[in-house]
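Have the sequence and the model side by side.

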Amino acid sequence: MVPSRAARFFSDPGRFVSLSSLDIPSTSLEDYFPIDLKNIIPNSVVTFPVYYPVYRTLRKELLFARLLESGESCTAETIQFFAEKGISVAYVHKSSLKILAGYLEDTTRSCINSPHVSTDQKTQFIYRHAAFLVERVFRDPRIGHVIGDASKWAKIVGTFLQKDEMTPACLCRIFSKDYTTFTHSIQVCLLGMAFGAYLKWGKEEIAEFGVGSLFHDLGKIWIDKRILQKPGTLSEKEFSHIRKHPRLGYRHLKGMGAIPAGALEIVLQHHENSDGQGYPLGLKGREIHPLARVAHIVDCYDALTTKRPYKGPLPPYKALKLMYEEMRTSFDLDLLKRFIHFLGR
Ligand SMILES: [Fe+2]
Ligand SMILES: [Fe+2]
């Protein structure tokens with residue numbers, strides 16, 4: 001059965017627009033948050049209204065039409081209907097974000113515990129939930145309760161990783177090869193958590209790593225975008241500006257409270273090198289927090305294997321070769337060897 005509300009809106013094919021094709025002021029979108037429709041479980045009741053943008057060409061006005069009411073069941077047919085229309089993303093009003101966060105937590109937990117869901121699907125669900133958390137915090141870093149939401153997410157994932165295998169191969173299938181701070185944050189987080197499970201960390205430690213690595217580059221919010229996206233070589237002044245991001249993220253997150261101590265050390269120390277040549281503190285070897293030593297390895301690996309404006313992605317074996325042969329003094333060598341072993345399974 002075709003959903004009546006959605007069908008009504010879609011009966012006029014000119015009404016629904018792709019936002020990317022229009023020159024819409026970003027302020028029109030500020031009150032709405034994008035949600036990947038794959039996050040909605042077929043046949044589940046949504047606990048928040050779901051919107052889709054409607055652009056009135058004559059008035060040059062952007063409106064958000066309600067596709068699903070709170071309490072309405074999102075049937076498999078509805079989802080199929082959206083897919084046929086090429087709609088993969090809808091919007092939730094910012095006043096419902098707390099409810100959406102709770103919905104995602106519940107659905108991630110039930111998806112992970114379901115014997116009918118494949119490991120690949122579970123991994124994708126975990127990834128999309130992480131994307132929601134990262135996007136929220138990068139959009140508005142003042143929202144303190146996102147840290148709590150991320151801690152809950154990391155604990156659910158930590159428990160999952162201790163009993164199910166999230167193999168590097170499974171992760172690589174869904175990882176983006178294009179670098180953005182969002183995808184990089186999620187990828188460092190998930191690959192590092194899976195590595196932690198491989199190292200037999202406890203679930204608290206895996207969760208602590210998860211929160212810290214998810215927000216490890218948060219300080220980049222306060223770094224000039226033109227420098228971050230500059231395709232050419234950076235000047236020493238530009239580099240020193242970028243090198244501020246660990247301290248900026250650390251100060252901000254520490255000020256918000258409720259973040260585990262080890263997670264904070266990841267944010268501050270993920271660019272520290274074992275030989276003391278890193279930043280911001282120039283710590284050496286075992287002076288660097290163990291979770292930050294792991295974050296440093298995974299951070300570097302993800303940066304090398306993804307595409308930047310100034311370089312293509314390296315294949316995994318070339319990235320590891322470079323790290324092992326030319327950058328080995330940067331890392332805890334024992335951890336690096338185990339990371340290589342972990343990736344080669
Ligand atoms: Fe960083
Ligand atoms: Fe990073």
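Two residues count as in contact here if their C-beta atoms, placed from the backbone, lie within 7 Å. The model is a predicted one.

**Helix α15**

Helix α15 covers residues 333-343, and its buried residues include Leu336, Phe339 and Leu343. Viewed down the axis of α15, the buried residues fall within an arc of 60°, so they line one face of the helix. In general, an α-helix has 3.6 residues a turn, so residues three or four places apart point the same way. Asp334 and His341 are exposed on the other side of α15. What do the buried residues of α15 pack against? Their partners are α6 (168-174), α7, α13 and α14 (316-325).

**Two partners of α13**

Helix α13 spans residues 290-304 and packs with α7. Helix α12 also packs with α13.

| Helix pair | Angle | Axis separation |
|---|---|---|
| α7 (residues 181-198) and α13 | about 130° | 9 Å |
| α12 (residues 261-269) and α13 | about 45° | 8 Å |

Take α7 and α13 to begin with. An angle of about 130° makes the two helices oblique to each other. The crossing of α7 past α13 is right-handed. On the α7 side, the contact uses His184, Gln187, Val188, Leu191, Gly192, Phe195 and Gly196. On the α13 side, it uses Val294, Ala295, Val298, Asp299 and Asp302. By type, the residues of this α7 and α13 contact split into 6 nonpolar, 4 polar and 2 charged.

Now α12. Its axis and that of α13 meet at an angle of about 45°, which makes α12 oblique to α13. α12 passes α13 in a right-handed crossing. Gly262, Glu265, Ile266 and Gln269 of α12 meet Leu291, Ala292 and Ala295 of α13. The residues of the α12 and α13 contact comprise 4 nonpolar, 2 polar and 1 charged.

**Phe125 in α4**

Helix α4 runs over residues 119-139 and holds Phe125. Is Phe125 buried or exposed? Phe125 has 20 C-beta neighbours inside 10 Å, so it counts as buried; the cut-off is 20 or more. Leaving aside residues up to four places away in sequence, Phe125 touches Thr108 and Cys111. Phe125 and Ile40 are 85 residues apart in sequence, yet their C-alpha atoms are 10.0 Å apart in space.

Methods: Residues numbered from 1 in each chain as written. Chains lettered and ligands numbered in written order. Predicted model: local features only at pLDDT ≥ 70, side-chain atom pairs only at ≥ 80, totals over all residues. Axes fitted to C-alpha atoms, helices over the stretch in contact; angles between N-to-C directions. Helix = DSSP H or I, 4+ residues; strand = E, 2+ residues; numbered from the N terminus. Parallel < 35°, antiparallel > 145°, perpendicular 65-115°, else oblique. Left-handed = near helix turned anticlockwise from the far one by under 90°. Nonpolar A, V, L, I, M, F, W, Y, C, P; charged D, E, K, R; others polar. Buried ≥ 20, exposed ≤ 12 C-beta atoms within 10 Å, placed from the backbone. Arc of directions from axis to C-beta.
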